[in-house]
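Thanks for making the time this morning. I would like to walk you through one model, starting with the whole chain and ending with two residues.

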Amino acid sequence: MSSIGIAVVGAGAWGSQVIRTLASTPGALLRWICDRDPTARARIGGIYTGVELAAGLDKALEDPAVEAVVIAASATEHYQLARRALKAGRHVLVEKPLALRVAEATELNALAGKARRTLMVGHLLMYDPAIILARTTIESGELGEVLMLHAQRTNLGTIRRGESAWWSLAPHDVAIALYLMRAAPTEVSATGAGFVQRGPGIEDAAFATLRFTDGSLAHLHVSWLDPIKRRALTVVGSRKMLTFEESASQQRIKIFDRRAEADGPARGSAPDNVVPVHRGDVYAPPLPVADPLLVQCGHFVECVRTGRRPRSDGAQGLAVVRVLEAGQRSIEAGGVPAPVG
């Protein structure tokens, strides 16, 4: 079975990880690495000596052996690069977010459909065994009815000039929320502010609440102005609760047999006006050892080869951009809820 020829655009910090992973992905053949920075090209060229290097995408798209393009460039370039690759008849994997506007993400989906090409978005955590197990647990009914989800993604990390924490960090947790809630929210209310680079649209921290038609909520907190790195998620069900610690080396998923019992009788000496709470066991289910980026890259290659629909396809990427855009409108309106359209 022949390998899929791939061109990668972007050889920065994250792009280098993508390149390294693709180089070890079964069925993938790195043919071109494109980056406008000559220093980045020289560095990466010293590692992958058999790969063609270019400043832009043009030469790679002229190579008939390139069947797919992986875009790991700046988010501001995602739409234009993905559009060019799709118009050239290539399959595309683009890092999150798919685009910075709903109209752009919609156009990319239309182009992929017309060309019958795979369009996949790098929502990495959807390929993490822990998040896959969380979804399986929800679908099994073990948690009962999902009532709410809340996520934190904070750190004193890389602060990108001219870019907001909302558009840089929140795509991860919006994608998880949609994946686990198995639905898109109807509205978003969000607040945020920029403290380092003062100005509209470059918030360093944001808080958002997503409302779903069944009454459930998802609350997100993102910030790159926090002294402690947190990558945490909690799912509250009517029967049990689940937590996910992304950075933990062990017990990344925990399931708590805990719940409030509004219709239950008061227990012990508790007064009648106090809702009883059930506190049962906590357990950490075993997780397979897998590199989510390697799983994601392998999934992309499989989808290109077989025509299978990606787990994080263009439609899912569009749904995330709809939420992000609604959240941005709400931030700019001082927290007034914005419909997700």
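I will begin with how the model is to be read, and then go from overall shape to surface and single positions.

This is a predicted model, in which local features need pLDDT of at least 70 and side-chain atom pairs count only at pLDDT 80 or more, while totals for chains, interfaces and linings use all residues. Residues are numbered from 1 along each chain as its sequence is written, and side-chain values use heavy atoms, with hydrogens and water left out.

The protein has nine helices and 15 strands, these being DSSP runs numbered from the N terminus, with helices (H or I) of at least four residues and strands (E) of at least two. Along the principal axes, its C-alpha atoms fill a box of roughly 75 × 45 × 40 Å. Of the 341 residues, 50% count as buried, where buried means under 20% relative accessible area, exposed means over 50%, and partly exposed lies in between, with a 1.4 Å probe and protein chains only.

Now to two positions. Where does Leu-156 sit? Leu-156 lies in the loop between strand E7 (146–154) and helix H7 (165–181), and Leu-156 counts as exposed because its relative accessible area is 57%.

Glu-104, by contrast, is placed in helix H5 (residues 102–115), and Glu-104 is buried, with a relative accessible area of 15%. Leaving aside residues up to four places away in sequence, Glu-104 touches Tyr-79 and Ala-99, a contact being heavy atoms within 4.5 Å.
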